[in-house]
Amino acid sequence: MTLSTTSQVSLDAMGRVLAKLTITNRIDQANAQNGLIPHDQIRSVELDDVLVDTGATTLCLSAETISQLGLELLREVQISTANGIGTARIFQEAKISLCGRESTFECLELPGGQNPLLGVIPMEALGLEPDRQNQRLRVLPISSTETYLTIL
């Protein structure tokens, strides 16, 4: 069965979840809290239209965004992509603020100019899940009687 171009466009757009998030250099934030740098020197960026990608493991940012944040290199790793096996750099201490929740994660550097991705590890840690039908992130409960956090 062949789909028309119009059908493909609507199918591609259907179920896509985009998020707006703030990423802060956690080391800058700690240095400001300890009086080592002024608060106005904390590097932070706000990103619109970050693709929520359940096929991605972690937070994925462009080299430009990583440079703006001044994140420190942690290591180089082998990665699996649609184009095969390659290498990528992992950076540390990227603090994500999203949907009223925040935590610090490693991030993978994307090859030139690709759009940022929010992968499953940060989503799970923040208690978020994609709601493809409504094209948004669903915030999971974290109250004393109902919580997404489990220890079995």
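The side chain of Thr65 makes a polar contact with the side chain of Ser62 at 3.0 Å, where a polar contact is a pair of N or O atoms within 3.5 Å, one able to donate a hydrogen and the other to accept it within protein, and residues adjacent in sequence count only if both atoms are side-chain atoms. This is a predicted model, in which local features need pLDDT of at least 70 and side-chain atom pairs count only at pLDDT 80 or more, while totals for chains, interfaces and linings use all residues. Residues are numbered from 1 along each chain as its sequence is written, and side-chain values use heavy atoms, with hydrogens and water left out.

Thr65 lies in helix α3, residues 63-69, and counts as buried because its relative accessibility is 9%; buried means under 20% relative accessible area, with a 1.4 Å probe and protein chains only. Leaving aside residues up to four places away in sequence, Thr65 touches Val45 and Leu47, contact meaning heavy atoms within 4.5 Å.

Ser62 belongs to strand β3, where Leu59 and Leu61 on one side and Cys60 and Ser62 on the other are all buried. Strand β3 runs parallel to β6 and is joined to it by 4 bridges, two strands being paired if DSSP finds at least two bridges between them. In this pairing, Ser62 stands opposite Leu110 in β6.

| Element | Residues |
|---|---|
| Strand β3 | residues 59-62 |
| Helix α3 | residues 63-69 |
| Strand β6 | residues 101-110 |

The chain as a whole has 4 helices and 9 strands, which are DSSP runs (H or I, at least four residues, for helices; E, at least two, for strands) numbered from the N terminus.

Notes:
Buried < 20%, exposed > 50% of the residue type's maximum accessible area, 1.4 Å probe, protein only.
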